[in-house]
Amino acid sequence: MVNLDRITFDPCIMGGQACIRGMRIPVSLVVNLVANGKPAAEILGEYPDLEAEDIRQSLLYAAWLTEERVYEFQPYQAG
């Protein structure tokens, strides 16, 4: 996995979901904002504790989660 040192998991923060640097800003929020067309400059303006690298790592984490793997299985043949 890519080095994602800004993505943290703490069961006491946001129920353990992936967050940015231990803050109560979930990665899912950042990814959702980007996916809905919000420019990074606006995100950073609305969330002053965020940095551009937080947005980049949020997207890298989302990309890593969605990596597609195809496994070939042989069909079961009885007897």
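Guide: A disulfide is a pair of cysteine sulfur atoms within 2.5 Å. Keep that cut-off in mind for this predicted model.

Visitor: How many disulfides does the structure hold?

Guide: The count is zero.

Visitor: Is Cys-12 buried or exposed? And what about Cys-19?

Guide: Residues under 20% relative accessible area are buried, and those over 50% are exposed. Cys-12 has 64%, so it is exposed. Cys-19 has 2% and therefore counts as buried.

Visitor: Now a helix. Which residues of helix H1 are buried?

Guide: Helix H1 covers residues 27-35, and its buried residues are Val-27, Val-30 and Leu-33. Seen down the axis of H1, these buried residues fall within an arc of 130°, so they line one face of the helix.

Visitor: Which residue with a positive phi follows H1?

Guide: That residue is Gly-37, with a phi near 90°.

Visitor: Let us turn to a charged residue. Where does Asp-54 lie, and is Asp-54 buried or exposed?

Guide: Asp-54 is part of helix H3. Its relative accessibility is 0%, so Asp-54 counts as buried.

Visitor: Which side chains make polar contacts with the side chain of Asp-54?

Guide: Arg-6 is one of them, with its side chain joined to that of Asp-54 by a polar contact of 2.8 Å. The side chain of Arg-21 also makes a polar contact with the Asp-54 side chain, at 2.8 Å.

Visitor: Which residues is Asp-54 in contact with, leaving aside its neighbours within four places in sequence?

Guide: The list is Arg-6, Ile-20, Arg-21 and Asp-49.

Visitor: One last feature. How is a pair of aromatic rings described?

Guide: The description uses the distance of the centres and the angle of the planes.

Visitor: How many aromatic pairs does the structure hold, and which residues form an aromatic cluster?

Guide: There are two aromatic pairs. Phe-9, Tyr-61 and Trp-64 together form one aromatic cluster.

Note on methods:
Residues are numbered from 1 along each chain as its sequence is written. This is a predicted model: local features need pLDDT of at least 70, side-chain atom pairs count only at pLDDT 80 or more; totals for chains, interfaces and linings use all residues. Side-chain values use heavy atoms; hydrogens and water are left out. Buried means under 20% relative accessible area, exposed over 50%, partly exposed in between (1.4 Å probe, protein chains only). Helices (H or I, at least four residues) and strands (E, at least two) are DSSP runs, numbered from the N terminus. The arc is that of the directions from the helix axis to the C-beta atoms. A polar contact is a pair of N or O atoms within 3.5 Å; within protein, one must be able to donate a hydrogen and the other to accept it, and residues adjacent in sequence count only if both atoms are side-chain atoms. Contact means heavy atoms within 4.5 Å. Rings of Phe, Tyr and Trp (its six-membered ring) pair if their centres lie within 6.5 Å; planes under 30 degrees apart count as stacked, over 60 as edge-to-face and the rest as tilted.
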